[in-house]
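Please look over the sequence and the structure shown below before reading the notes that follow.

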Amino acid sequence: MRLSTIPSVLGALAVSLLLWKAVVVIGGYPPFILPPPESVLVRLVEAWTDGVMAPHAATTLLEIGLGFAVGSVAALVVGYVLGRSSFVARLISPYLVAAQATPILALAPVLALWFGPGLLSKVVIAALIVFFPVAVSTMVGIRSVDAGLLELARSLRATRRQVVMTLEIPAALPSIFGGLRIGITLAVVGAIVGEWAGAERGLGVLVNLARGSLFDIPLMFATLVTIAAIGVALYLAVVLVERRLVPAR
Amino acid sequence: MTEAAAPGRIDVHDLAVEFPRRGEAPLLAIDGVEFSVSGGEIVSLIGPNGCGKSTILRSIAGLVRPSRGQVLLDGGAIDGPDPRIGLVFQEPRLLPWRTVARNVAYALELAGFPRPVREVRVLELLRRVGLQDSATVLPAQLSGGMRQRAALARALALEPEVLLLDEPFSALDAMTRDRFNLELLRLWGRLRTTIVVVTHSISEAIFLGDRVIVLGARPGRVVADIAVPLSRPRTIDQLDEAAVSATAREIRRHLDLVAA
Ligand SMILES: Nc1ncnc2c1ncn2[C@@H]1O[C@H](COP(=O)(O)OP(=O)(O)O)[C@@H](O)[C@H]1O
Ligand SMILES: [Mg+2]
């Protein structure tokens, strides 16, 4: 991200806060339906300083991180094989697509049942939802490697490993990062969905608590803001890594 | 095998290449191609489109397995890519994410040369092809001609005995092409590598070659092997000599026969 994009991001933020405020004022909504932005902001700062938010955020962040890592690594390996072997691709694509077409929301309770209410079920759910876009983008990237360059490498007697490291990975990286960008935002969704299917801690749990037993609607919104902020921050982190790794061409 | 002659001798013997086709009989691209190139000689290959010129070059380069016959380099059979052979394709085939210098270094890198050796060699290679000022530039920022120079530098990186050029300058305009051909010959004057160059320009074939080998339509085979009566070093003016037009006429006659 360039420095020059920061003003536009802040501008967009200011505009959406103003819109929010306008909707509250013009619509005349009570705070338990749509609290005004300033009270959510106050509650947000409060929740972060009095230690309500932090443990939940840490749990969710861990689930997202592990789920994203596991899902991406598995997807890179599978996507590579799919890209290299159209036979394997034909063989297992139907299963992948079927798995992807099954809504994660419907799958989450089953996975929670199998993997328990702890960290594991969330990591599995997040990993599953991350897997598909990363695998597909890896496959597409690997297939995009120019046949002429592969022949060149062969004429220079490149080893399999050299072909992977010097041609296939650099050529596939832009596409792979396209998948990782989608994947990181889906990892957030996966972690929250996993928490809803049964958990003791996490931002998804806190949303439900705030809406239910606590009936603290500003806290609920503050939690949503936190989730969104985590999503944006992680997305930007992926973009930064991409900037470092994907060479200009 | 010890040879008194210069290294880089190529013998193409009864070469046939078939490409498998789905649901059809295999495509016979070349059939019974037979010619030899002495070490240090320059031979031009000319022939109609699709007659198998690239296939012959790729067989010599060890990239295609012949269905019959063989290619010998200095008396030994070629059965795969060989560092004694440098290859320039019709397209530059540069890695778009690597600078010119790192593209040239690519050949050395894959062959396992350590970085200090690579750096020294690459500078020298870039100087040879006139790219010393473009070392840190990406291929996308180069003209087509400069890209092809970079590809030539890369092909020379392993100090091959044989240079195979597949219509290397066909994408360039006529004037640039003349200049490149002159530079190529000047380079050859110092390196004395064997050169086999595919072209579809009769004048280019004559200007570069000691001999011009004319190939017939698919399945390709040699229909004429014509010596070029020009001395070296060559100059563009030689193309106006009467002997050249006689040679050109003969080549054209064979090409026309093939087309008819
Ligand atoms: N890898 C390949 N697979 C199938 N057919 C091929 C392949 N390479 C070349 N051919 C076919 O072989 C014939 C000769 O091709 P090529 O050697 O490229 O001709 P030229 O270079 O003389 O134009 C053409 O008909 C071409 O379509
Ligand atoms: Mg060709």
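At 55% relative accessibility, A:Val25 counts as exposed, because exposed here means over 50%. This residue sits in helix H1 (residues 5–27) of chain A, and everything described here belongs to a predicted model.

**Chain A as a whole**

- Chain A contains 10 helices and zero strands, so that, read from the N terminus on, its elements run α-α-α-α-α-α-α-α-α-α.
- Along the principal axes, the C-alpha atoms of chain A fill a box of roughly 70 × 50 × 30 Å, and 43% of the 249 residues of the chain count as buried.
- About 13,000 Å² of accessible surface belongs to chain A, and carbon and sulfur atoms account for 75% of that area.
- If one takes the contacts in chain A between residues at least 6 apart in sequence, 72% of them join residues that are at least 24 apart.

**Confidence in chain A**

- The mean pLDDT of chain A is 92, and 98% of its residues reach 70 or more.
- Within chain A, confidence is lowest in helix H4 (residues 86–101), where the mean is 87, and highest in helix H7 (residues 147–155), where it is 97.

**Strands of chain B**

- Strand E1 (residues 10–21) of chain B pairs with strand E2 (residues 24–37) of chain B in the antiparallel sense, over eight bridges, and one of the bridged pairs is B:Glu18 with B:Leu28 in E2(B).
- These two strands, E1(B) and E2(B), form a hairpin with two residues between them, and B:Gly23 in the turn has a positive phi of about 70°.
- E1(B) is also joined by five bridges to strand E4 (residues 68–73) of chain B, again in an antiparallel arrangement, and here B:Val12 stands opposite B:Val71 in E4(B).
- In a regular strand, as a general rule, the side chains alternate between the two faces of the sheet.

**A largely enclosed helix in chain B**

- Helix H1 (residues 53–60) of chain B is largely enclosed by the rest of the structure, because six of its eight residues are buried.
- The buried residues of H1(B) are B:Lys53, B:Thr55, B:Ile56, B:Leu57, B:Ser59 and B:Ile60.
- After H1(B) comes B:Gly62, whose phi is positive, near 75°.

**Nonpolar cores**

- Which residues have the most contacts inside the largest nonpolar core? They are B:Ile10, B:Phe35, B:Leu45, B:Ile60, B:Leu152 and B:Leu164, in a core of 78 residues.
- Helix H2 (residues 100–110) of chain B gives the most to this core, contributing eight residues.
- The core draws at least three residues from each of two domains of chain B, namely domain 1 (10–84 + 160–259) and domain 2 (94–159).
- Leaving aside residues up to four places away in sequence, B:Phe35 touches B:Ile10, B:Asp11, B:Val12, B:Leu45, B:Ile56, B:Ile60, B:Ile213 and B:Val222.
- Another core, of 50 residues, lies apart from the largest one, and among its members are A:Val124, A:Ala191, A:Ala210 and A:Ile227.

Conventions: Residues numbered from 1 in each chain as written. Chains lettered and ligands numbered in written order. Predicted model: local features only at pLDDT ≥ 70, side-chain atom pairs only at ≥ 80, totals over all residues. Heavy atoms only, no water. Buried < 20%, exposed > 50% of the residue type's maximum accessible area, 1.4 Å probe, protein only. Helix = DSSP H or I, 4+ residues; strand = E, 2+ residues; numbered from the N terminus. Core = buried A, V, L, I, M, F, W, Y, C linked by side-chain atoms within 4.5 Å. Domains from an automatic or database assignment. Contact = heavy atoms within 4.5 Å. pLDDT = per-residue confidence, 0-100. Areas by Shrake-Rupley, 256 points an atom, 1.4 Å probe, with all protein chains shown as cover. Pairing = 2+ DSSP bridges.
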